[in-house]
Amino acid sequence: MMMKVIIVEDEPKVRKGLSEAVDWREHGMELVGTASNGQEGLELFERESPHLVICDIRMPVMDGLSMAEAVLEKDGETRILILSGYDEFEYAQRSVALGVKNYLLKPVGKKQFLGELIRIRTEWLAEKQERSRVEQFAGKLKSQLPVLRTAFLEEWLNGAVPPQMTALEENFAFLDISVDPRDNLSVAVFEMDTEENGEYTNAEARLLQFAVNNIAQELLNGCGLAYLRGNGQTVVLFQSVSDGDPDELMVWAEKTRREITRLLKVDVTVGVSTRSAPVEEAPGLFREALDALRLKLTFGCGLVLHEGMAQPSGDQAPVLHEANRTLLAHCVETSDTERVQALIGDVFARAKSASADYLEELSYQFAGLYAFLLQRLGLNLRAVLNEQETERFRHPERFRTMQEMRDWWIAQFTRLCSRYDGVRSDRKARLVQSVEDYVEEHIEENITREEAARHVHINASYLSRLFKEVKGEAFSDYVVRRKVEKAIRLFRENKAMVYEVADRLGYKDPSYFARVFKKYTGKNPSDFQ
């Protein structure tokens, strides 16, 4: 296999000498291009994707080490051969720190140069062969992993695997089970609501069950795993992103259930555990979820079920369970008015045989949740409810019928949805404003997207999308624009020199700064001095 090579050297004679020093093809290599500085070398690398980059250390525009660092960030498997003089030991140390393994001192003799190239290519070929063997073995193992993983999970959740942590960690690692054995988890079981002799053939039903499992796995977004049981149920091992809060599973399960119904046009019922517990207790959580799933005989299909939803015995008061509160709060915050109305309607439907006293208690439970959601918006009751509405809020005994109470609370929570609809846009705007403030505070530094993202506690990819959405321009373009605007002010107000402004704004190379400046403004820096 031919090894593609580029040479980056600012001295024309040296560059020419290196290019002609070797019969490249005779030794299994192809010289695909040369460049006179690091910036050109980086552009050449992006065009040609070479396997080996031969570069000098000291070059204009961008030095060899900066280029090598950029190359290795793009492709860590690229080989770098650094050329340096005897007086550049510090650069040699830096190159080793970057991960550069090959280094030659100038002047380089033809025999020495060829020997180093042959050694590099030999190592490169050996690594490629070893990587190929590993990939083939991994491919064979990967093809069997789903079957092995499902078999292990079934045995484990049904209590057939000893719960020792060491054994669990080893099995999780070997079978690529995306569950952290040191974190708590909760369990959900999805079951498609179809009759045994219904409208689907066995093959069609099995295909839909696969689809349910795939959708659940995709919507987990790294918060655990989903696997398909032999009976068609999908089991989800859910690890919360908020310190093991079991109610987060309820919200996720409802969202996933609705998405499955929307995409597949089938009803799905979900049984969930009501607690989050250490991984060793997963079999018990699995039994809880299965027991909850049986409640579909009482409540019907197409719901998320849990133990707390069991009908109260005797003349007990209807309760707005914590899981229902969490789900209703989520629907309000996402402005899902249809689901809000359905949830409140469902609670009152299950309370239709309760006495008037108990209905008043239920109204107080809705009142507490409503006040909590208002506080999250920074509002109070007086700012939202008029005098008559406040009286209804405080005195539920004044409702004449249960239907009147139900309709009133549906109306209040529906109005609350519209308030949250505007809050999400405001939050994004404030987040972007914080990023802009950060840029202004650090305008004289080398600002990176990653540093700005860490400042506002989000990841860099989300920052890029959010900034583009709110500002209509890329984050990197915004930073350049602000730096150029700052430079113009410095030229005009302080009569500063180009090299002074470049250094002050974090550009080590005044020539590079001048090109950036002209690309953005269409003029030279001297035009503003």
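Predicted model: local features only at pLDDT ≥ 70, side-chain atom pairs only at ≥ 80, totals over all residues.
Modeller: Two residues are in contact when they have heavy atoms within 4.5 Å.

Colleague: With which residues is leucine 343 in contact, leaving aside its neighbours within four places in sequence?

Modeller: Its partners are Leu327, Leu328 and Cys331. Leucine 343 itself belongs to helix H12.

Colleague: Is leucine 343 buried or exposed?

Modeller: The general idea is to compare the relative accessible area with a cut-off: under 20% is buried and over 50% is exposed. Leucine 343 has a value of 12%, and is therefore buried. As for distance, the C-alpha atoms of leucine 343 and glutamate 440 are separated by 47 Å, the two residues being 97 apart along the chain.

Colleague: How do H11 and H12 pack, in angle and in distance between their axes?

Modeller: One considers the angle between the N-to-C directions of the two axes. For H11 and H12 this angle is about 155°, and the axes are 8 Å apart. Angles over 145 degrees count as roughly antiparallel, and H11 and H12 are therefore roughly antiparallel to each other. The crossing in which H11 passes H12 is left-handed. On the H11 side the contact is made by Asn324, Leu327, Leu328, Cys331 and Val332, and on the H12 side by Arg339, Val340, Leu343, Ile344 and Arg350.

Colleague: Where is aspartate 336 found?

Modeller: Aspartate 336 sits in the loop between helix H11 (322–333) and helix H12 (337–350). With a relative accessible area of 14%, aspartate 336 is buried. Not counting residues up to four places away in sequence, aspartate 336 touches Arg258, Cys331 and Cys417.

Colleague: Which angle do helix H2 and helix H3 make when they pack?

Modeller: Helix H2 (residues 38–48) and helix H3 (residues 64–74) meet at about 20°, and 9 Å separates their axes. Since angles under 35 degrees count as roughly parallel, that word describes H2 and H3. H2 passes H3 in a crossing that is right-handed. H2 contributes Gly38, Gly41, Leu42, Phe45 and Glu46 to the contact, and H3 contributes Met67, Ala70, Val71 and Lys74. These residues of the contact of H2 with H3 fall into 5 nonpolar, 2 polar and 2 charged.

Colleague: I turn to polar contacts. With which side chain does the side chain of glutamine 412 make a polar contact?

Modeller: In general one looks for a pair of N or O atoms within 3.5 Å. The side chain of glutamine 412 makes such a contact with the side chain of arginine 415, at 3.3 Å. Glutamine 412 is located in helix H16 (residues 402–441). Its relative accessibility is 3%, so glutamine 412 counts as buried. Apart from neighbours within four places in sequence, glutamine 412 is in contact with Tyr370, Leu385 and Glu389.

Colleague: Where does threonine 448 lie?

Modeller: Threonine 448 is in the loop between H16 and helix H17 (449–455). Its relative accessible area of 25% makes threonine 448 partly exposed. A polar atom of the threonine 448 side chain lies 3.1 Å from the backbone nitrogen of glutamate 451.

Colleague: What is the peptide bond from lysine 106 to proline 107, cis or trans?

Modeller: The bond from lysine 106 to proline 107 is cis, its omega being near -5°. Proline 107 is in the loop between strand E5 (102–105) and helix H5 (110–157).

Definitions and conventions. Residues numbered from 1 in each chain as written. Heavy atoms only, no water. Helix = DSSP H or I, 4+ residues; strand = E, 2+ residues; numbered from the N terminus. Buried < 20%, exposed > 50% of the residue type's maximum accessible area, 1.4 Å probe, protein only. Polar contact = N/O pair within 3.5 Å; in protein donor to acceptor, adjacent residues only side chain to side chain. Axes fitted to C-alpha atoms, helices over the stretch in contact; angles between N-to-C directions. Parallel < 35°, antiparallel > 145°, perpendicular 65-115°, else oblique. Left-handed = near helix turned anticlockwise from the far one by under 90°. Nonpolar A, V, L, I, M, F, W, Y, C, P; charged D, E, K, R; others polar.
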